[in-house]
Amino acid sequence: MIAPIAALRGLRAQGTATVSAVVVAALTTACVVAALAVGTGVQRGADAFVEKADHDITVIVGPGAGATPDSIEVELARRISRMDGVAEVYPMVSAPVELFDYDGRRLGDTDRYRDAVSWHDRAGAPYTFTAGEAPERRGEVALPSPVVEASGVLIGDSVLMRVGDRENWLTVTGSFQEVGGTGPDDTTGALLSASNARNLLTGTPTRADRLLVAGEPGVDERALADTIVTGLAQATGEPDEGAAMAVGGADGEVAVVPMERLRQERAARLGDRAALAHTALIAAAATALAVGGTLLAAIASRAAHRRAREFALLRSVGAGADRIRRILLTEALIVGSLGSLLGVPAGILLAGYGAGPMEALGAGAFAGAPVFGPLVITAGAMTGPVLAAASAHRSRRRAARTPPVPVADAAAVPGSAHVNAVAGTLLIVSGGAAIVHGLLGDGPSALPAAIGGAAAVLLGVVVIVPLVCAPVLRVLFAPVVAVTGVPGRVARANALDDPRRAVAAIAALMIGAGAVVLLGTLDRSAQASHADRIAHGIGTDHLVRSQDTSLPLPTALLAGIEEAEAVDRVVPVATTGIEVHGEPGVLAVADTEGLAEALGWTLQEGSARHGKGEVLVDGAVAAREGWEVGDRLEATFAGGSWTELTIAGIHRANPLLGADYLMSDTAFERSAAGASEPVTASVHVIAGTDGAEAGGEALAEAVREVEGVVLLDRDAIAREGERWSAERAALVRWALVPAVALALVATAALLSRSVRERAGEFRTLRAAGMFRGQTGRVVLLETVVISAFGGAMGVLTGVLLASVVQGALEGRGMTVLAVPYGLLGAVIALAPVAGALAALVPARDAARTDPAPAPETR
């Protein structure tokens, strides 16, 4: 009981230091709890969406490769609805539209079209109405909630919808939030009733784009698809118009696709977005832990320095080193527990702030509510005590070595600077060696080694900062002293007399600024790599793809593209779903030589030639799973066909391919017997000698009469990459907000405590003739110079870490290191401003200090 009682007395005696430590622990815990809760919600929401969205749909019936996209007769839906195992059939229509308000202003994005889609009131519809009601009658429309909020359109207003050369005025009945989709952009521009959509979007009430077939409970998807194919084939002898269609799967007039394949592709696509959001949350939590740990270590070190005489007295009366360590450990656990007690509820409130960024990432559509399960609460409860105890470890060791005599500076243990120098040098050298291994090595350990080495270098820099702090501060303060005079000299003396306070603020701002520069540089490098890939790395001049990736491009269109003038080469890419060891993914079926010319596809290791039972794997997937050439994979193709595949080669990550695995046509046919046919939903076109412009005109002529097909040139492909960059930028901003806020709040707390501790000094300065304004400027100048030092150090470390990470990710598509000099300048300029803002209240308190009274004489 002696250690807890002594710890409580020590915490009470420290006062503001205890409060500052509790605040830092609480803010750090709140960031961790919010990140874990929102991240778990995103993962569960993505899984739930894959299971629930369109869960009532069993089979999709659409036009095959031998038909036009709007060639499905509504009469076909009636025939299918009478087949065994079919519960309901929903005819679907979609078309790109433009929407304008009453004043003629375009609604939504101005650089691309959005699809209007027919609405059916069914259980698995991927839309949630946020206001008003669904469109049910002719002349009614529902708009996306973001469009309604941005444009100011109200329910009941009229909007103009333009479809090609047809225009119609519609009344807005409600707004909706999309919770998924099957298109490449997962975006819907408007919802119309089923009959109204057929009239307005196709101009033919008897035709649809595709049919969504809901099976009866318990029916097997493959069995129902076979039943529909057999029934339609048997009906071809009937005299009615709908029976004249030939049935041949994806190669005939009608494609009958089990929903299982679409779910696999959707799970892979949403899994990538969920992983992106999860990475942002992990970055936010890690940055908060780094900042919080640094600040707690600084507070503990400063408190140990202040209590040096107390520890010397305890040693003089017989207290051993172990007892002092136990007292300080108990203090740290109490502070951390109080921080967790306050931080967990604060994290629950902060988690609600994550909805906006998740929507910006495209994850908000499927992100579930934050999950505050036992794991999240337990992690939050442990964060404070563990972080506080770990951060104060070095201070406990130094305090335990205090000599049992009340020396003038007992906290200054001999050899501490030497220990710092040795430890910092070892960390930097070992981290540099790990970086070299990560950049020059290969395999799954390369990236973790590079990132771990960079973290070791950063930690080494933090350890060495106290050794270089004094000389650097003297240099930085020189112009300040020359301009401000006495306040500058007093501020310099304060900073140099108590370097622990300066080091704490420098370390906090260095980590915060370094995180900003690191993520900003990586984001700019990703943009530059994408632009470089488009400009120099690919041969594709145009991309033709289906708006609905579950349906193939018509065979006639493919033939027209190949026969178009000014076209040198056509590289079709088919995709299908695949599960490898139970994890969903996307399999591309294409010619590797064509991909090398069209997309800059390159092999990393192994052989591009593969046959039956062999597959090529994306380099990022192989590194994540730890796979190597020759490893065997258990794979299940869409349609239920199971086989064992051998990795023949690993290719460099290619975001333009958009697939995890790759097989040639021949290898797929020989390896995936009984699997669903892959869907050729995109074609890469390389222009001939006449140039891309002539090729674009020829392709535009080929696709002009085909609805549901998108033609993109190089600029449009680049703009799609820019939209992803905008999403990453939103992710970066959100991930850094908690950490930067934590650094500023903790810096303000440190300064406030420092002002209280130096109240006697300020009273003496006031009695010596210093004005109130000069006293406040002392605190401001000290903080501004220290913040400038921390910002500069953060910029240097951020650029270093970004170069290391970019080099490690070069094989995964990040081929260019682009330094955002504007961001670096902004960080260097704003760091002193942020420090000044944090020092406003402490400076005001210092300025209000009254002069010390003159000593009384008798």
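A residue counts as buried here when its relative accessible area is under 20%. The model is predicted, and that cut-off guides the tour below.

Start with helix H15, residues 486-497. In H15, the buried residues are Pro487, Gly488, Val490, Ala491, Asn494 and Ala495. These residues cover an arc of only 165 degrees around the axis, so they lie on the same side of H15. An α-helix has 3.6 residues a turn, so residues three or four places apart point the same way. The length of H15 also fits expectation. Its twelve residues reach 16 Å from first C-alpha to last. That is close to the 16 Å expected at 1.5 Å a residue.

Helix H5 spans residues 194-202. Seven of its nine residues are buried, so H5 is largely enclosed by the rest of the structure. The buried residues are Ala194, Asn196, Ala197, Arg198, Leu200, Leu201 and Thr202. Just after H5 comes glycine 203, with a positive phi of about 75 degrees.

Next, a helix pair. Helix H2 covers residues 16-52, and helix H9 covers residues 321-351. They pack with their axes 6 Å apart, at an angle of about 40 degrees. H2 and H9 are therefore oblique to each other, since angles under 35 degrees would count as roughly parallel. The crossing of H2 and H9 is right-handed. What kinds of residue make up the contact of H2 with H9? There are 18 nonpolar residues, seven polar ones and no charged ones.

Two single residues round out the picture. Methionine 161 sits in strand E8, residues 158-163. Is methionine 161 buried or exposed? Its relative accessible area is 0%, so methionine 161 is buried. Valine 97 is 64 residues away from methionine 161 along the chain.

Leucine 830 belongs to helix H25, residues 821-838. Its relative accessibility is 53%, so leucine 830 counts as exposed; the cut-off for that class is over 50%. Leucine 830 can also be placed relative to alanine 513. The two are 317 residues apart in sequence. From C-alpha to C-alpha, leucine 830 and alanine 513 are 9.8 Å apart.

Conventions
Residues are numbered from 1 along each chain as its sequence is written. This is a predicted model: local features need pLDDT of at least 70, side-chain atom pairs count only at pLDDT 80 or more; totals for chains, interfaces and linings use all residues. Side-chain values use heavy atoms; hydrogens and water are left out. Helices (H or I, at least four residues) and strands (E, at least two) are DSSP runs, numbered from the N terminus. The expected span of a helix is 1.5 Å times one less than its number of residues. Buried means under 20% relative accessible area, exposed over 50%, partly exposed in between (1.4 Å probe, protein chains only). The arc is that of the directions from the helix axis to the C-beta atoms. Axes are lines fitted to C-alpha atoms, for helices over the stretch in contact, and angles run from 0 to 180 degrees between N-to-C directions. Angles under 35 degrees count as roughly parallel, over 145 as roughly antiparallel, 65 to 115 as roughly perpendicular and the rest as oblique. A crossing is left-handed if the near helix is turned anticlockwise from the far one by less than a right angle, and right-handed if clockwise. Ala, Val, Leu, Ile, Met, Phe, Trp, Tyr, Cys and Pro count as nonpolar, Asp, Glu, Lys and Arg as charged, and the others, Gly among them, as polar.
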